Each structure stands twice: as C-alpha cells, then as structure tokens.
Amino acid sequence: MDMESLMLLLFLFLARAEAASYGIGGGGGREGKAGGAVLLPLRAQELAPPSGAPANRLRFRHNVSLTVPVAVGTPPQNVTMVLDTGSELSWLLCNESNNLPPPVSFNASASLTYGAVPCWSSACMWQGRDLPVRPFCDTPPSKACRVSISYADASSADGLLAADTFILGGAGAAPVTALFGCINSYSSSTATNNNNATDPSEAATGLLGMNRGSLSFVTQTGTRRFAYCIASGEGPGILILGGDGGAAPVLNYTPLIEISQPLPYFDRVAYTVQLEGIRVGSSLLPIPKSVLTPDHTGAGQTMVDSGTQFTFLLGDAYTALKGEFLRQSQTRPLLAPLGEPEFVFQGAFDVCFLGTEARVAAASRLLPEVGLVLRGAEVAVAGEKLLYRVPGERRGEEAVWCLTFGSSDMAGMSAYVIGHHHQQDVWVEYDLENGRVGFAPARCDLATQSLGVKL
C-alpha cells in the first residue's frame, strides 16, 4: 500500500472517530432499527430543482423521485437524497460554487470530517473503475481528484471526489464513512421544469447511489441485503438496510443476471433480471424470447431501477403491449383516446387518453392488468398504476392521461427498465448474498407503521 493510500485510510478512520466524539455514533436508540437493520422513511415525492440551479437529472423522464433523509458531516447536516438503484456514486450539491442555501446544498467547509480525495490516491486511481468516466486528476497545480457524471438525457454533474460521515436511521445510529461526489457544477440540456413545488425543504440535496459498482453506497458499506416498500399515494414507505430479511413477507425471487465480459450496451453493475414475457389480462403477448434477452452487444437487458419513475420497453415489446392494451381497453369504451397523434408525453409515452378524474378512476378498475413475467417472479401492474395524469395538460374539463409504459427506443435507451411507479405497494428485496431480487405484494403504508418507523 502506498503512503497516499495509507493517509486516505487514516483520514477515513479519523473522520469516523471525530463523528463519534460528537455523540453521533455508537449504540443506543431503537429508533429506525429492528433486527439489526436500519429503517428509514421512504417518500415518493414531487421535486423541483433547487432555486437558481439548472433543471437536472432528478427530473429526467419523471416528475417524482424516491427520497430518504440522511445526515452528513460533523456536526451533522440534514439532507434529502434520491434513492437510485440505477446509479453508482452518491453525490451532494455543495454550496461553495452553487451558492445554494441549506437544505438544498451541503456545506462541506462546515463539516469537521469532510475531506477531498487527492488525485494520486488509490480511490481516485482505481476505485472508480465501474463509473462510465473514471475519476481523474484535476488540472495542475490542483491536486484534487475530480469526478464527472453523465446520464442518458445529456445532464451532467462535475465536482470533487470526497469523503465524509453518513448517518442513516435517526438518533443513535452509527455513522459510516463513504466516498461521494461533492458536486459544484451541474447542467442539463433536455430536462424541463413543469413542477409547481417551491418549498426548499422538498428539494433533494443529492443522490444515494445503490447499484453494485465499487463506489456505490451498497458496496462501500458492505450492505448485503436491502429492501424497500413504496407506498401508493402520499403515504410514506420504508427503506431497510441490512438485517436478515425477517421483516419481509413471503417473496418470489428472480436471479440476478451476470455477464462477465464487458459489452458496450450492458450495465454490469445494474440489478439485471430476465424478462420472460409480458401479459395483458390473461393474454401472454407473442414476443419472441430473443427480443427479451440481451444481444451480443448487451442491448436488451432488463433493469430494476428505483431512480426511474416509469417502465420502459424496447420497440417490438412496446408495440405488442400498446396494441393489445388498446384492443382490450376499447372492447368496452372505458377511456376516450386523446386523438392527437403528435402528442408524446416526455418523448416516450404516446398511448394517451382524455377523461375527468372520476371517469378515469372508475375506468382504471376495469382496465386489463399488465404483468411483467420474470424468471421465478412477476411484477403485476393494475388499476391506477396503469395511467398517469400529465401535469398541466387539460382539454376543457378533462385531463390528459398516458399509459405508464414508455418506449425505450423513443427515450434513446437500449434496455428494459422497471421503474418505481410500478413497484408501488410491492415489497422489493435486493439479496446480494444470494444474487437475487424478491417481490411480493404488500400494503406499504401498513408495513411502515407496523415496523415503527418514525416519520
């Protein structure tokens, strides 16, 4: 081990000790814990970009994100982070360059345990191997390690690779020290802001990266099992980190798909499962297996992603679903088609209808259920989860509603993505120890109450 790496490890140790000296770490307190697991409230929350900041990836192709409360630094600063199983490096908007007030930014200079990572450290040189762009040395004379993160919508974030203490689970929870991106430059060329939320307390400070990459929060903390249950409506759900899974209902598991060799369009650190088919009502769509399986380039994988709101299907599968859903829903005139061929919600959703809230609520109970058939499990989508009211779009007294399955091709993606809207009232467990993901229907609001999570 070189001297610089040793110094970084020493800093991480001292950071944790400093946090403990402030009474942040150590046992005590049952709040937020059960059976060795850390429990946090999980909210599906409409978010606006921070005031004065450009629109960002948190609004890419969705208006709602899953957020959890986290305390960072010493003394601890309360922040809100988006839970994203599709991303690796966690990051926070830092206020030095963005000039953003708390709680929509993290004041790194006010934290006694904050430390920037030098570019010659092992963390900068090799730990970022799973990121699309590895961390790199800043231009001389700077000695900082920089990170540059880009997303499919052309949004990007740039800043320093840093370390600090993260506290999850409320008072008495032990701090963990983790590397993250202290972001001071943020931009997006395609996202738009059609959100009316203005309360700064509802803005997200950053993102909690939960995929399987070497710099993800899961990997850095050695978390081998985590689960969440997303409540429908405005009620809070729950995020469970660690534990033995004893709080979960009976789950149906599907194995995680591994491909060892690097392929250009396959994300090896995503939670990839095998989509076996798509069901509309009792009809299994005639989709060839080859369409649902990654090809020789890696295109066509199916990812479970809490950071994406809706579900996306590749061309042939989307066309088949669209045709069968329209056929079954129009057997009885449940919904009035929008009748505007040029209207495409967020560039990927073109199955849209007109209706009042009351009419759509009544119709949604009669719409055919859509099932995403996985190897050993199924994610069933029914009722109100099938339709989404487009914000700001009305035609007289009627609102515009779109089917919550979009086209990956129109969105510029080469994968199937199961988004968090279709995971509402489903207990989802990521079991890394056994290489699988489990699903079970659940009343997530009741599960949150029964586990005693302080909201």
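Visitor: Why is Arg-394 called partly exposed?

Guide: Buried means under 20% relative accessible area, exposed over 50%, and partly exposed in between, with a 1.4 Å probe and protein chains only. Arg-394 has a relative accessible area of 40%. Therefore Arg-394 counts as partly exposed. One caution on the source: this is a predicted model, where local features need pLDDT of at least 70, side-chain atom pairs count only at pLDDT 80 or more, and totals for chains, interfaces and linings use all residues. Residues are numbered from 1 along each chain as its sequence is written, and side-chain values use heavy atoms, leaving out hydrogens and water.

Visitor: What makes Arg-394 and Glu-357 a salt bridge?

Guide: A salt bridge is a side-chain nitrogen of Lys or Arg within 4 Å of a carboxyl oxygen of Asp or Glu. In this pair the closest N and O atoms are 3.5 Å apart. So the pair qualifies. Arg-394 lies in strand 24 and Glu-357 in helix 6, 37 residues apart. Helices (H or I, at least four residues) and strands (E, at least two) are DSSP runs, numbered from the N terminus. Glu-357 is partly exposed, at 36%.

Visitor: What makes Arg-279 buried or exposed?

Guide: Its relative accessibility is 15%, so Arg-279 counts as buried. Arg-279 forms a salt bridge with Glu-369, with the closest N and O atoms 2.9 Å apart. The pair links distant parts of the chain: Arg-279 is in strand 16, and Glu-369 is in the loop between helix 6 and strand 22, 90 residues away. Glu-369 has 31% relative accessibility, so Glu-369 counts as partly exposed.

Visitor: How do you know that Glu-276 and Arg-375 meet in a salt bridge?

Guide: The N to O distance is 2.9 Å. That falls within the 4 Å limit, so the pair counts. Glu-276 sits in strand 16 (residues 275–280), and Arg-375 in the loop between strand 22 (370–374) and strand 23 (377–381), 99 residues apart. Glu-276 is partly exposed at 23% relative accessibility. Arg-375 is partly exposed at 40%.

Visitor: How many salt bridges does a search of the whole structure find?

Guide: The search finds 17.

Visitor: What makes both faces of strand 21 count as covered?

Guide: Strand 21 spans residues 352–355. Cys-352 and Leu-354 on one side are buried, and so are Phe-353 and Gly-355 on the other.

Visitor: Why is strand 21 said to pair with strand 20?

Guide: Two strands pair if DSSP finds at least two bridges between them. Strand 20 (residues 336–337) and strand 21 have two bridges, in the antiparallel sense. So they pair. Pro-337 has Phe-353 as its bridge partner. Strand 21 is also joined to strand 25 (residues 398–403) by four bridges, again antiparallel. There Cys-352 stands opposite Cys-402.

Visitor: What makes up the lining of the second largest pocket?

Guide: By class, eight residues are nonpolar, eleven polar and seven charged. Ala, Val, Leu, Ile, Met, Phe, Trp, Tyr, Cys and Pro count as nonpolar, Asp, Glu, Lys and Arg as charged, and the others, Gly among them, as polar. Strand 24 gives the most, with five residues. Strand 2 (37–46), helix 6 (357–364) and strand 24 (387–395) each supply at least two.
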